[in-house]
Amino acid sequence: MAFDGVTIASVVSELKQNLLGGRIYKIAQPEADELLLTIKTGDGQKRLFLSAEASLPLIYLTESNKPSPMTAPNFCMLLRKHLQNGRITDISQPGLERIVSIHIEHLDEMGDLCRKTLVIEIMGKHSNIIFCDSENRIIDSIKRVSAAVSSVREVLPGKPYFVVETQDKLDALSTDYQTFYETLSAKPRPLFKALYGSFTGISPILAQELCFRARLDGDTSTAAFTEADFHALYLVLDALKETIATEKFAPCISYTDRQPVEFAAIPLTMYAGHTSASAPPSSGTRTEGLPSGDHLVSFSSMSALLETYYAEKNTLTRIRQKSADLRRIVQTALERNVKKYDLQLRQMQDTEKREKYRIYGELLNTYGYSATPGDKSIEVVNYYTNEPMTIPLDETLSATENAKVYFEKYNKLKRTYEALSELTEEVKAEIDHLESISAALDIALQEEDLVEIREELIESGYIRGRDHDRGRGGKGGNAKNGKKVKITSKPFHYLSSDGFHIYVGKNNYQNDDLTFRFATGNDWWFHAKGMAGSHVVVKTEGAAELPDRTFEEAARLAAYYSKGRGADKVEIDYIQKKHVKKPGGAKPGFVVYYTNFSMMAEGNIDGITLISQ
């Protein structure tokens, strides 16, 4: 996910198409290092979002608005004074640097025409928004940088503005083949690293893509390639130059399992394993209906791409942060119960000797008369197997007393076995329950999905909470303040290729609702065999039979939304809902069934339409 020079070139191309000739209508500073400019153009109002945040610098057109503070910061007031109603005359990028210059002309207090430049530098922690006059002197910046902070360049009012030269990097747009060849061949390192380390504007992901297009292994050292290989790579770079010169960009995001991985201003063909799709009309929301494997999603503009990509990334990051406490609670409880279960199983193994002690006692009662005082063992015939058996004896005790000792050991181990049998069942059920909650956390996509999981952990005693009466059908349970928690999360809703509606529970409460409240008797029910996973219900809507393809797609969904998602094949049980029962007092999501069909399915849901999530 690199905001490289080629991405900036794509953004500049888009801004020129949309903003040239427009007048700056509003200037807002929602955050300390963000600007939101509203610009009136012949096509209506446009919003330009600028961010110099160290961790996420951005520039793109957006339809969204952000609330601003009641009192505008000084930098915002300065821009309003100089640029209000100013006209955008040009938007440029020096070479392939990560810099955008917005040139603006306006009338000053005397009515004279003045020219100013707003410079946005997208450079990680060095990102900045700098306001300059017509002589390229800094009027002010959103971040002031003194000599104490940077020995390379001061960014302070009155100081001259200049672009810091990229250390030891060449301009990719103006490099000829000979320079290209000599530069790369002189650096014995992986080819893609030599490429992005030698030329401005090229990120690691773009370097890998260029190597892939030239059919070269980017991870191999430059010393292993011939001059013909470098020439092939240069031709690919030359094609990229042509794309930039003609502004024929094709923004795309690469997805893996519906999660955004990388983006670029050109197609990332090395990720286009299976599918290419178009972005939805609205941006900023998670793309629905996409396949689960590696694939590309194309966008009509870089702004739409950036807004979608970072919105989805932020959503995933926020969910991981929000669920971190729940994951820690579940993992801690799971580890504790697994250790307890392992200890109980070892204790159970020790009780396996109980039957041997019972037999010793019975045989001593039968043959003990043949033992003499002081014997350390006795040879007898085991009448259960008709085989000889040696029974150890305590020489200080009689045969009858030894038999009594063995019966006491047998009874003790028998009581231990009976107690452990019940305990191990309880602990195993608890482990299965915790694994099902862990699986629900893995598939949570929105904050709303975590509400029911938290409620379940409260009910199970893993999180402290007040007594509450959990209501279904959206009523929710009680939160810490005693109020009802509103449940807005709904199961995944898919549509099979044959037009049948398929529903997938996101957690144990939804699984119970789907199976025992939503599904009717003749609907079909699917679940991964012997592992935590979602309940999957196919609504038959009165159909006597389902097409084989619908069975196969429902099974794939059950495999995908289970702990076996990463496996090549997952065994799936399926049965009509009327045969699925819930034992009294069972934990949420737990069911039993005694007759079922089974099939093997891949955890791949390509081609299954997601209607809502």
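Me: Which residues form one aromatic cluster here?

Reply: Tyr177, Phe180, Tyr181, Phe199, Phe225, Phe230 and Tyr234 form it. Rings of Phe, Tyr and Trp (its six-membered ring) pair if their centres lie within 6.5 Å. Before we go on: this is a predicted model, where local features need pLDDT of at least 70 and side-chain atom pairs count only at pLDDT 80 or more, while totals for chains, interfaces and linings use all residues. Residues are numbered from 1 along each chain as its sequence is written, and side-chain values use heavy atoms, with hydrogens and water left out.

Me: How many aromatic pairs does the structure hold, and how do I read one?

Reply: A pair of aromatic rings is described by the distance of the centres and the angle of the planes. Planes under 30 degrees apart count as stacked, over 60 as edge-to-face and the rest as tilted. The structure holds 27 aromatic pairs. Take Tyr494 and Tyr561: their ring centres are 6.4 Å apart and the planes sit at 55°, so this pair is tilted.

Me: Where do Tyr494 and Tyr561 lie?

Reply: Helices (H or I, at least four residues) and strands (E, at least two) are DSSP runs, numbered from the N terminus. Tyr494 is in strand β16 (residues 492-495) and Tyr561 is in the loop between α12 (548-560) and β20 (570-576), so the pair ties together parts 67 residues apart in sequence.

Me: Are Tyr494 and Tyr561 buried or exposed?

Reply: Buried means under 20% relative accessible area, exposed over 50%, and partly exposed in between (1.4 Å probe, protein chains only). Tyr494 and Tyr561 are both buried.

Me: What about the rings of Trp525 and Tyr593?

Reply: Their centres are 5.3 Å apart with planes at 65°, so that pair is edge-to-face. Trp525 belongs to strand β18 (residues 524-528) and Tyr593 to the loop between β20 and β21 (597-601), so parts 68 residues apart in sequence get tied together. Trp525 has 1% relative accessibility, so it counts as buried.

Me: Which residue lies over the face of Tyr417?

Reply: A charge sits over a ring if NZ of Lys or CZ of Arg is within 6 Å of the ring centre and within 35 degrees of the ring normal. Arg354 does this for Tyr417, at 3.9 Å from the ring centre. Lys506 lies over the face of Phe492, at 4.8 Å.

Me: And how many helices and strands does the protein chain have?

Reply: It has twelve helices and 22 strands. Of its 613 residues, 47% count as buried.
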